[in-house]
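Hi everyone, thanks for coming. Let me put the structure up so that we can walk through a few local features together.

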Amino acid sequence: MVVGISGASGVIYGVRVLDALKEMGIESHLVISRAALLTLSQETDLTPDDVTQRASVVHKIGDVGATIASGSFRTMGMIIAPCSVRTMGEIATGVTSTLLTRAADVVLKERRTLVLMVRETPLHLGHLKTMTALAEMGAVIAPPLPALYARPESVEQIIDQSVGRALDLFGLDWHAVRRWEGLK
């Protein structure tokens, strides 16, 4: 699984994706933007090494010759958590400037699953049109939103529920997800 972490607020979503994949024994290929590293320092006490050590393979943001830049490198797909509006826009236009957006473009062209945990609010019409274009191309737009029916008791549970539901889109069942059990 390719994991992209862009500079939007919510870098912990990407960190928890890496944790979940590691727990499930799934190889992860991480690409993290420079802006994400800045966000990491503002939102957490984690270092870049703390994040990269969670991944099976780490690719440099400028390495457009990396394995994940080619459709011949087989993956189950890609998740970008969080996904910034800039990253979303690059993917939608196909004009990619980094390995993060190139890898996403490859996933789309190969008809693999691309999940974008878009972190922006409020949304203007341009954002919505970009999301529509991406959905028409086959991407799944999955903003991380709290599932209050799960009765979260902590921010960590809210984050893990969103991450787990995003991983559901790849057919992965992470133990942290609290499933709806019907009305009681």
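This is a predicted model: local features need pLDDT of at least 70, side-chain atom pairs count only at pLDDT 80 or more; totals for chains, interfaces and linings use all residues.

Residues are numbered from 1 along each chain as its sequence is written, and side-chain values use heavy atoms, with hydrogens and water left out.

Helices (H or I, at least four residues) and strands (E, at least two) are DSSP runs, numbered from the N terminus. Let's look at α4, residues 85–93, and α6, residues 125–137: they pack at an angle of about 50°, with axes 9 Å apart. Axes here are lines fitted to C-alpha atoms, for helices over the stretch in contact, and angles run from 0 to 180 degrees between N-to-C directions. The pair is therefore oblique; under 35 degrees would be roughly parallel, over 145 roughly antiparallel, 65 to 115 roughly perpendicular, and the rest is oblique.

Who meets whom? From α4 we have Val 85, Met 88, Gly 89, Ile 91 and Ala 92, and from α6 His 127, Thr 130, Met 131, Leu 134 and Met 137, where contact means heavy atoms within 4.5 Å.

His 127 deserves a stop. At 10% relative accessibility, His 127 counts as buried; buried means under 20% relative accessible area, exposed over 50%, and partly exposed in between, with a 1.4 Å probe and protein chains only. Leaving aside neighbours within four places in sequence, His 127 touches Val 85, Met 88, Glu 120 and Pro 122.

Pro 122 sits in the loop between β5 (113–118) and α6. There is also a cis bond from Ala 81 to Pro 82, with omega near -5°, and Pro 82 is in strand β4, residues 77–83.

Now over to α2, residues 34–43, where Ala 36, Thr 39 and Leu 40 are buried. On the other side of α2, Arg 34, Leu 38 and Gln 42 are exposed. The cover over the buried residues includes β1 (2–5), α1 (11–23), β2 (29–32) and α3 (48–52).

Arg 111 lies in the loop between α5 (99–109) and β5, and at 70% relative accessibility it counts as exposed.

Thanks, and I'm happy to take questions!
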